[in-house]
Amino acid sequence: MKASLALCVLACSATAALADPAPSRLDEVIQRGTLSVCTTGDYKPYSSLRADGSYEGIDIAMAESLAKSLNAKITWVPTTWKTLMPDFLAQRCDIAVGGISVSLERQKKPSSANPSALTARSRWCGAPMCSATRPWSRSTNRKCG
């Protein structure tokens with residue numbers, strides 16, 4: 001009896017393991033050939049909306065580089081700071097960029113990534129503040145790196 005039960009559990013587990021997993025967001029981006037990017041466009045030097053309607057900035061360049069590496073085109077999704085996380089969670093965009101600082105509320109949400117840069121704003125979250133001009137962290141009182 002125990003052997004039959006064990007065999008049944010093993011067979012069910014093997015069948016579940018062989019089933020196709022749901023496609024990841026990355027798989028979807030590659031398949032559609034488009035990366036949708038939420039940005040506020042009002043936070044230099046990370047994301048800035050130009051007069052001609054295009055975007056520029058450090059995070060904009062990173063998003064463009066990511067899209068290029070995925071062989072995808074970018075679709076910019078204008079958002080506001082108030083609607084950024086709801087837009088992202090509603091899947092109106094694949095990623096969100098533009099100097100988005102780390103906060104406890106944002107960390108509670110799924111798909112929060114490690115920051116690409118530590119800024120004065122992120123220092124308030126307890127992250128060490130390090131840069132080329134400040135090789136010493138005030139928050140940890142030690143050398144960065």
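## Report on a predicted protein chain

Aspartate 87 lies in helix α4, which spans residues 84-89. The model is predicted, so to speak of local features a pLDDT of at least 70 is needed, side-chain atom pairs count only at pLDDT 80 or more, and totals for chains, interfaces and linings use all residues. Residues are numbered from 1 along each chain as its sequence is written, and side-chain values use heavy atoms, with hydrogens and water left out.Helices and strands are DSSP runs numbered from the N terminus, a helix (H or I) having at least four residues and a strand (E) at least two.

Is aspartate 87 buried or exposed? With a relative accessibility of 10%, aspartate 87 counts as buried. The cut-offs are under 20% relative accessible area for buried and over 50% for exposed, with partly exposed in between, using a 1.4 Å probe and protein chains only. The side chain of aspartate 87 makes a polar contact of 2.5 Å with the side chain of threonine 79. A polar contact is a pair of N or O atoms within 3.5 Å; within protein, one atom must be able to donate a hydrogen and the other to accept it, and residues adjacent in sequence count only if both atoms are side-chain atoms.

Residues up to four places away in sequence aside, aspartate 87 touches Cys38, Pro78, Thr79, Arg92 and Cys93. Contact here means heavy atoms within 4.5 Å.

### The disulfide

Two of those contact residues, Cys38 and Cys93, are joined by a disulfide with an S to S distance of 2.2 Å. A disulfide is a pair of cysteine sulfur atoms within 2.5 Å, and the structure holds one. Cysteine 38 lies in strand β1 (residues 34-39) and cysteine 93 in the loop between α4 and β6 (95-96), so the link ties together parts that are 55 residues apart in sequence. The link of cysteine 38 and cysteine 93 is left-handed, with -100° about the S-S bond.

| Residue | Relative accessibility |
|---|---|
| Cysteine 38 | 0% |
| Threonine 39 | 0% |
| Aspartate 87 | 10% |
| Cysteine 93 | 0% |

### Strand β1 and its partners

Five of the six residues of β1 are buried, so this strand is largely enclosed by the rest of the structure. Two strands pair if DSSP finds at least two bridges between them. Strand β1 pairs with strand β5 (residues 73-78) in the parallel sense over six bridges, and serine 36 stands opposite threonine 75 in β5. Strands β1 and β6 also run parallel, joined by two bridges. Valine 37 has isoleucine 95 in β6 as its bridge partner.

Threonine 39 is also in strand β1. The side chain of threonine 39 reaches the backbone oxygen of valine 97 at 3.0 Å. Beyond its neighbours within four places in sequence, threonine 39 is in contact with several residues, including Ser47, Tyr55, Ile60, Trp76 and Gly98. Valine 97, with residues up to four places away not counted, touches Val37, Cys38, Thr39, Thr40, Asp59 and Ile60.

### A separate open sheet

Strands β2, β3 and β4 form an open sheet in the order β2-β3-β4, with antiparallel pairing. β2 (42-43) and β4 (55-56) are at the edges with a single partner strand each, so one side of each has no neighbour in the sheet. Two bridges join β2 to β3 (residues 47-49). Tyrosine 43 stands opposite serine 47 in β3.

### Nonpolar cores

A nonpolar core is a set of buried Ala, Val, Leu, Ile, Met, Phe, Trp, Tyr and Cys residues joined through side-chain atoms within 4.5 Å. In soluble globular proteins, nonpolar side chains tend to be buried together. Which residues make up the largest nonpolar core? It has ten residues in all: Val29, Leu35, Val37, Tyr55, Ile60, Ala63, Ala67, Leu70, Ala72 and Val97. The elements giving two or more residues to this core are β1 and α3 (58-69). The largest share, three residues, comes from α3. A second, separate core has six residues, among them Cys38, Val77, Leu84 and Cys93.

### The chain as a whole

The protein chain has six helices and eight strands. Buried residues make up 25% of its 145 residues. Of the contacts between residues at least 6 apart in sequence, 47% join residues at least 24 apart.
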